[in-house]
Amino acid sequence: MFTIGDFARHGRVSARMLRHYDAIGLLRPDRTDPATGYRYYGAAQLARLNRVIALKDLGFTLQQVRAVVDERVDADELRGMLRLRRAELEAAMAAAAARLTQVEARLRSIESEGRMPENDVQIKQVPAVRVAEVTSMAPGYQPQDITPVIGPLYERLFPLLAAAGVRPTGPGIARYEDGPDGDGAVVVHAGVTVEAPAGPLGDTGVTVVELPAFEAATIVHRGSMDHVLATEQTLARWIDDHGRRPAGYSREVSLECPEDREAWVTELQLPLVG
């Protein structure tokens, strides 16, 4: 038998918590000394304590916890519940991390207003280029909409090209256009420069397209594309200041793309109205 202090240490809980659980009938001591009122617990009660704490961490109220443990949920069922809760928490953490990334991007954009020199922006005649690409839809144009779509597209593209015997001959090129329904959705094209005949690449889902030449305002972004907002807005301010008008979305040309996303170098090419 364990004193309440010893049992609390073995269960990694407080004695105060055990007293509360006793008071509400959730975890009674195995024996209470009638003369001193001291509580004593058996090692077998750790199993119930573990279930109580696990269910409490799942978000159940103590009343709900009591109902569940009194029904004697077995270890497999409890393991399944914990795995579900873990998945929910991981998803919530990922969503919070994505929101934090976008807050940081907005903050960088605000802090950089009026600071980046104009010679960062250049007007170029972008030559025609042939790319092999795969396409999907994103719900919007914000980084948190684009990143979960374009990453898997590129992961899909390169193995398909390798299987078809087509080798990239230049940088990756991502481009965007409005979705057909006018609901804010964006068509995402993930491509790479190739030398291959235009048209579908067999039944792979890859299409080789000829992108025409165009005039563009360009700027180089260094770092993860999750933080591209400040660079994109610098480009937009330059265009507005110089009386030019954009003709669609910026094209993203991957100049350097190592494993470390913060070391990426990407040229944004914003088409201009002639």
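Q: Experimental or predicted model?
A: This is a predicted model.

Q: How many aromatic pairs does the structure hold?
A: It holds 4. One of them is Phe 7 with Tyr 41. Their ring centres are 4.6 Å apart and the planes sit at 10°, under the 30 degrees cut-off, so the pair is stacked.

Q: Where do Phe 7 and Tyr 41 lie?
A: Phe 7 is in helix α1, residues 4–11, and Tyr 41 is in strand β3, residues 39–41. The pair therefore ties together parts 34 residues apart in sequence.

Q: Is Phe 7 buried or exposed? And Tyr 41, buried or exposed?
A: Phe 7 is buried, at 0% relative accessibility. Tyr 41 is buried too, also at 0%.

Q: What about Tyr 141 and Tyr 249?
A: They pair edge-to-face, 4.7 Å centre to centre, with 65° between the planes. Tyr 141 is in the loop between β5 and α6, and Tyr 249 is in the loop between α7 and β11. That links parts of the chain 108 residues apart. Tyr 141 is partly exposed at 30% relative accessibility, and Tyr 249 is partly exposed at 22%.

Q: New topic. What lies over the face of Tyr 40?
A: Arg 31, at 4.7 Å from the ring centre.

Q: And which domain does UniProt place at residues 1–71?
A: The unreviewed UniProt entry gives "HTH merR-type" there. Over those residues the chain is 55% helix and 10% strand. The end C-alpha atoms are 25 Å apart.

How values were computed. Residues numbered from 1 in each chain as written. Predicted model: local features only at pLDDT ≥ 70, side-chain atom pairs only at ≥ 80, totals over all residues. Heavy atoms only, no water. UniProt positions renumbered as here; feature names shortened; annotations may be inferred. Helix = DSSP H or I, 4+ residues; strand = E, 2+ residues; numbered from the N terminus. Phe/Tyr/Trp six-rings, centres within 6.5 Å; stacked < 30°, edge-to-face > 60°. Buried < 20%, exposed > 50% of the residue type's maximum accessible area, 1.4 Å probe, protein only. Lys NZ or Arg CZ within 6 Å of the ring centre and 35° of its normal.
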